[in-house]
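Please read the points below with the model open beside them. They are meant as a colleague's note.

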Amino acid sequence: MQARWCQSQNRSARTPPDNLEIRREMKAIAQKRRRFGYRRIGVMLEHKGMTMNHKKLYRLYTEGKLGVRRRRGRKRARGSRTPMPEATRPNQRWSLDFLSDTFGTSRRFRILAVNDDCCRENLCLMADTSISGARVARELDALVRLYGRPASIVSDNGTEFTSRAILKRANENDVDRHYIDPGKPQQNAFIESFNGSLRDELLNEEMFDSLEDARRKLALWRYDYNNVRPHSSLGNQTPAEARRTLEQNGGSAPDALAQTESEESENQTRRLSL
């Protein structure tokens with residue numbers, strides 16, 4: 001039995017592979033069209049007059065090691081590996097994100113939103129039909145000149161936020177970059193909450209005739225959000241008032257913005273009486 005098995009193995013080793021012409025043609029097609037699987041290669045072979053059973057086609061395909069490699073996900077910037085710092089004072093952490101809407105005959109435009117997570121203040125609402133990574137970097141430079149340099153910036157892994165221009169400026173300015181995990185918007189909860197307010201109070205309520213009209217309405221809403229609209233997480237202060245309070249007291253957000261029990265009770269009584 002053992003001798004018979006060895007003879008069959010030696011015989012198969014001496015036997016040349018079958019269908020050499022088809023194998024060569026399959027390899028040529030696979031080299032030219034690297035993302036084709038065996039079924040589409042079979043269709044290409046049929047166009048050349050080479051027809052065979054799909055099981056045999058698959059056998060020749062696997063023996064030739066022509067399988068399509070599964071592509072890995074695109075490379076993502078990781079930023080700092082340290083835990084995301086808690087925002088307890090202005091400029092300790094900024095959050096960035098994009099929104100989109102339409103104007104005119106359904107032409108789309110994008111909105112770059114930049115927020116200070118400590119006092120919930122919106123620092124930028126910039127709208128345009130196209131916003132590149134270099135444009136985002138220039139806007140951040142302008143905000144740094146106006147508000148000061150942030151300790152860290154949080155965003156998703158969008159191509160605009162991982163561009164060379166952004167990473168270069170972050171390194172030059174010594175700013176930590178934190179990128180949230182893909183599909184985890186809750187890791188950037190402050191900007192997501194702001195996006196919900198912006199969409200609910202403005203984008204879903206207004207029609208925009210042009211890009212200039214959208215920019216004007218965004219500027220008016222931004223002023224109202226920062227200076228008029230009370231924010232419940234800030235003890236019903238506006239973001240601008242919260243920033244002034246923190247800068248004057250030099251304290252952290254929980255101590256400087258938290259209401260005492262008597263103040264909270266008084267406010268609740270005042271709301272009930274109204």
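1. Overall content. The model is predicted, and the comments here should be read as comments on a prediction. The chain has 274 residues, 39% of which count as buried. Its secondary structure comes to 11 helices and five strands.

2. Contacts and surface. Among contacts in the chain with a separation of 6 or more, 58% are between residues 24 or more positions apart. The accessible surface of the chain is about 17,500 Å², and carbon and sulfur atoms hold 47% of that area.

3. Largest nonpolar core. Which residues touch the most other members of this core? The core has 19 residues, and those in question are Trp94, Leu96, Leu112, Val114, Val136, Leu140 and Leu143. At least two residues each come from strand 1 (94-103), strand 2 (107-116), strand 3 (121-128) and helix 5 (133-147). Of these elements, helix 5 gives the most, with five residues.

4. Second core. A separate core of 18 residues is also present. Phe103, Ala113, Ala127 and Leu211 are among its members.

5. Cysteines. The number of disulfides in the model is zero. Cys118 takes part in none, and the nearest cysteine sulfur to its own is that of Cys119, 5.6 Å away.

6. Burial of the two cysteines. Are Cys118 and Cys119 buried or exposed? The cut-off for buried is under 20% relative accessible area. Cys118 has 1% relative accessibility, so Cys118 counts as buried. Cys119 has a relative accessible area of 0% and is therefore buried as well.

7. Trp221. This residue lies in helix 8 (residues 211-227). Its relative accessibility is 8%, so Trp221 counts as buried. Which residues does Trp221 contact, once its neighbours within four places in sequence are left aside? They are Leu125, Phe194, Ser197, Leu198, Glu201 and Leu202.

Conventions:
Residues numbered from 1 in each chain as written. Predicted model: local features only at pLDDT ≥ 70, side-chain atom pairs only at ≥ 80, totals over all residues. Heavy atoms only, no water. Disulfide = S-S within 2.5 Å. Buried < 20%, exposed > 50% of the residue type's maximum accessible area, 1.4 Å probe, protein only. Core = buried A, V, L, I, M, F, W, Y, C linked by side-chain atoms within 4.5 Å. Helix = DSSP H or I, 4+ residues; strand = E, 2+ residues; numbered from the N terminus. Contact = heavy atoms within 4.5 Å. Areas by Shrake-Rupley, 256 points an atom, 1.4 Å probe, with all protein chains shown as cover.
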